[in-house]
Amino acid sequence: MRVAVHQPGYHRHLYYFYKMAISDVFVSLDHVQFVRSDWQNRQVFIHEGARRWLTLPVRGGREAIRRKVLADPSAPASHWDRITSVYRSTPYFSTYEGALGEIYASSWTYLNDLCDALTDVARHGFGITTPYVRASQLMDEPEGAKGALLAEVVHRAADTVTPSGRERSLTYLACSHPMGEEHYLRQPSGDDPALAEHEVMEGRGVRVRTFGYRHPRYAQAQHTPGLPFEAELSAYDLLFNHGPGARDILLGAGTDVTARERPKLYRIGGQ
């Protein structure tokens, strides 16, 4: 059983949804600390020929992502105006316009709820049926350092699909291959400095593997002809441009994956 874990975010890009698509259970790690100047409340869009951030202002304070409150109720509506102006001419914008327009017209208190609503429309657009669960539904607060916490999250997420009493092999999908030496799972464990975080996970019955991923290239109808391809935008960039064909493009991001086969996984230190 392959379990993927990732922090929620605003208009996540394709890597997030590819990771979701190749897993058997996907966990939104919403109960860990919110990180400023990250992807949790912002995303890059191309506007007037330049890469620009669309950022949802949130209230200050050191707290978990799931508790982060939106600071400007008018921000979502202004974002929808910007998105509409950029993508109105794309082939499949109208396919998602109704659902997204309703989301952006609604009143939201928590960042996490708005992000999940946008994620839900996108994952259904890609035809992703992987069960999606919030970490805060599995445990109220984080327990242990990174390796121990992730191992516990993986076990509890697997329990939502397969009873814990059954024999099973659990794999944590860590990141795209290769994993660099600076990756947090290669660092000394906060619970046992003699072990790396990934060794803590392995010791708790969770294999740690990386996977092949290359950002796909595709036609972007909203751009002036001749402009270079823009990567790592919102996943809706692909959906607006390719609609029902977006799933095959997404799955093609794996080094060895097609719509009918699962990707090759790699050990931490190699194949």
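Student: In which loop is the place of Glu232?

Tutor: This is a predicted model, in which local features need pLDDT of at least 70, side-chain atom pairs count only at pLDDT 80 or more, and totals for chains, interfaces and linings use all residues. Residues are numbered from 1 along each chain as its sequence is written, and side-chain values use heavy atoms, with hydrogens and water left out. Helices (H or I, at least four residues) and strands (E, at least two) are DSSP runs numbered from the N terminus. On that numbering, Glu232 lies in the loop between β7 (206–211) and α8.

Student: What is the phi of Glu232, and is the residue buried or partly exposed?

Tutor: Glu232 is not glycine, yet its phi is positive, near 55°. Buried means under 20% relative accessible area, exposed over 50%, and partly exposed in between (1.4 Å probe, protein chains only). Glu232 is partly exposed, with a relative accessible area of 41%.

Student: Where is Glu48, and what is its relative accessible area?

Tutor: Glu48 also has a positive phi, near 55°, in a residue other than glycine. Its place is in the loop between β3 (42–47) and β4 (50–55). Glu48 is exposed, with a relative accessible area of 67%.

Student: Which peptide bond is cis?

Tutor: The proline concerned, Pro178, is in the loop between β6 (170–176) and α7 (197–203). Omega is near 0° for the bond from His177 to Pro178.

Student: On which residue is the kink in α3 centred?

Tutor: The bend at a residue is the angle between axes fitted to the seven residues ending there and the seven starting there. In α3, a kink of about 35° is centred on Ala99.
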